[in-house]
Amino acid sequence: MSEVKKYEPIVFKITDQDDLKQINDFKEQHKKSCREKHPDTLGALFTYKAIPTSLGTLYVVECACGEEITLNGDFNF
Ligand SMILES: [Zn+2]
């Protein structure tokens, strides 16, 4: 019998209140103006990117219009 290799789950979570407020403001701002411009995205207006670095994880939220915000997350400069 061969052993089934188990992979560690990849989980990311944004918990910082300032980051969450920034995301909320960004989404509110773009929901209205960008929804009509990008009706073909099936509601997938926003993309979340998690960028692991040696100093922590950077998070980027991108709208379908191309604009994006970068969050500090647990990133330590
Ligand atoms: Zn937008």
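This is a predicted model: local features need pLDDT of at least 70, side-chain atom pairs count only at pLDDT 80 or more; totals for chains, interfaces and linings use all residues.

**Strands, helix and a buried cysteine**

Reader: Good to know. Which elements does the protein have, from the N terminus on?

Author: The elements run α-β-β-β. That comes to one helix and three strands.

Reader: And in what order do the strands sit in the sheet?

Author: The order is 1-2-3, in an open sheet with antiparallel pairing. Strand 1 and strand 3 (68–71) are the edge strands, each pairing on one side only. On average, neighbouring strands are turned by 20 degrees against each other, ignoring direction.

Reader: How many bridges are there between strand 1 and strand 2?

Author: Eight, in the antiparallel sense. One of the pairs is Ile51 with Leu58, the latter in strand 2. The two strands are joined by a hairpin through two residues.

Reader: What about strand 2 and strand 3, how many bridges there?

Author: Four, and that pairing is antiparallel as well.

Reader: Where does the helix go?

Author: Helix 1 (residues 17–35) lies across strand 1, strand 2 and strand 3. Its direction is at about 15 degrees to strand 2.

Reader: Switching topic: is Cys63 buried or exposed?

Author: Cys63 is buried, because 21 other C-beta atoms lie within 10 Å, and the cut-off for buried is 20 or more. You'll find Cys63 in strand 2 (residues 56–63).

Reader: Which residues does Cys63 touch?

Author: Leaving out residues up to four places away in sequence, Cys63 touches His30, Cys34, Leu45, Phe46 and Glu68. Take His30: 33 residues separate it from Cys63 in sequence, yet their C-alpha atoms are 7.2 Å apart in space.

Reader: Nice. How much of the protein counts as buried?

Author: Of the 77 residues, 6% count as buried.

Reader: And strand 1, why does it lie largely in the open?

Author: Strand 1 (residues 46–53) has eight residues and the number buried is zero, so the strand lies largely in the open.

Reader: Last one: what share of the contacts joins residues at least 24 apart in sequence?

Author: That share is 34%, taken among contacts between residues at least 6 apart in sequence.

Reader: Great, thanks for the tour!

Note on methods: Residues are numbered from 1 along each chain as its sequence is written. A residue is buried if 20 or more other C-beta atoms lie within 10 Å of its own, exposed if 12 or fewer, and partly exposed in between; C-beta atoms are placed from the backbone. Two residues are in contact if their C-beta atoms, placed from the backbone, lie within 7 Å. Two strands pair if DSSP finds at least two bridges between them. Axes are lines fitted to C-alpha atoms, for helices over the stretch in contact, and angles run from 0 to 180 degrees between N-to-C directions.
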